[in-house]
Amino acid sequence: MSGIGALVAALAALLAIIVAYPNWLMQQRYKAKEERALTILSAFYEGRQVFDHIRSPILVPAEIGKAEEIIAKLKAKPSEADHQRSVQKFVTYLRIDEYQEYWEKILTLLPMTRAVFGDQAETWLKDILKARKELYAAASMYPKTGEKNLEKLENKLWKDYASVKDEADPFDKLLNETQESLQNQMGPFFQPKVWWKNIFVSPV
């Protein structure tokens, strides 16, 4: 009887494992998605801080000095009236280049984002690179443009420049919309009470 009892106990343990395995597997899948969602959202929030620095109207002496060196090497020197704006232009370039490691990290995350969360999530993360491109483009046109366009460029280049005039920040608008979309898709993965629902979220 002891042998039969041991066999029954072993079979019961095996059955328990078989029954529990699907649940354990789903939890592991959920945990993996949760970790990836956290990585993606963290990278995006880091991007908000990166752009806050790039768009800061406060220039430090070291930045000004580097911009002045670049201007001194130009064949076509800016006019006296445009000199300060040209300094701001090259400081923007320098700041963007300063975060090369971050831009590369976003590029590295794109394939994983698409594989786990789908094409739309990848597109949202690409908005970080789109925003960088827009800043580069704005800086390249600054300050050689008409006064009307000049104001539009400054609203994009400098954080809070528009709000001083009681206008919405056109640059933040894109990132705010992207942030909301990412939070709506990935936020549920940080609610453990409903993990069993989140696990079935399709990446496509």
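Set aside the neighbours within four places in sequence, and Phe 51 is in contact with Trp 103, Ile 128, Ala 131, Arg 132, Leu 135, Phe 171 and Leu 175 (contact here means heavy atoms within 4.5 Å). Keep in mind that this is a predicted model, where local features need pLDDT of at least 70 and side-chain atom pairs count only at pLDDT 80 or more, while totals for chains, interfaces and linings use all residues. Residues are numbered from 1 along each chain as its sequence is written, and side-chain values use heavy atoms, with hydrogens and water left out.

**The core**

Phe 51 also turns up in the largest nonpolar core, which has 43 residues; together with Ile 54, Trp 103 and Met 186, Phe 51 touches the most other members. A nonpolar core is a set of buried Ala, Val, Leu, Ile, Met, Phe, Trp, Tyr and Cys residues joined through side-chain atoms within 4.5 Å. Helices H1 (2–54), H2 (61–72), H3 (80–98), H4 (100–117), H5 (119–140), H6 (147–157) and H8 (170–186) each put in at least two residues, and H5 gives the largest share, with nine. Helices are DSSP runs (H or I, at least four residues), numbered from the N terminus. As a general point, nonpolar side chains tend to be buried together in soluble globular proteins.

**A buried serine**

Now for the loop between H1 and H2, where Ser 56 sits. Ser 56 counts as buried because its relative accessible area is 18%; the cut-offs are under 20% for buried, over 50% for exposed and partly exposed in between (1.4 Å probe, protein chains only). Leaving out residues up to four places away in sequence, Ser 56 touches Arg 95 and Trp 158.

**Salt bridges**

A search of the whole structure turns up 11 salt bridges, each a side-chain nitrogen of Lys or Arg within 4 Å of a carboxyl oxygen of Asp or Glu. Here are three of them.

| Pair | Closest N to O |
|---|---|
| Lys 105 and Glu 46 | 2.5 Å |
| Arg 114 and Asp 119 | 2.8 Å |

The bridge between Lys 105 in H4 and Glu 46 in H1 links distant parts of the chain, 59 residues apart. Lys 105 is partly exposed at 34% relative accessible area, and Glu 46 is partly exposed too, at 29%.

Asp 52 lies in H1 and Lys 159 in the loop between H6 and H7 (161–164), so their bridge ties together parts that are 107 residues apart in sequence. Asp 52 is partly exposed at 34%, and Lys 159 counts as partly exposed at 21%.

As for the last pair in the table, Arg 114 is partly exposed at 44% and Asp 119 is partly exposed at 46%. Elsewhere, salt bridges that share partners join Arg 48, Asp 52, Arg 55, Lys 159 and Asp 172 into one network.

**The pocket**

Finally, the largest pocket has a volume of about 170 Å³. On a 1 Å grid over the protein atoms alone, a pocket is an open set of points where a 1.4 Å probe fits, with protein on both sides within 12 Å along at least five of seven lines, and lining residues have an atom within 4 Å of a point. The volume is the space filled by probe spheres set on the points, which are joined across faces, edges and corners.

There are 14 lining residues, and Pro 78, Ser 86, Lys 89, Pro 143 and Lys 144 are the closest to the pocket's centre. H3 supplies the largest share of the lining, four residues. By type, the lining divides into seven nonpolar, three polar and four charged residues.

Conventions: Nonpolar A, V, L, I, M, F, W, Y, C, P; charged D, E, K, R; others polar.
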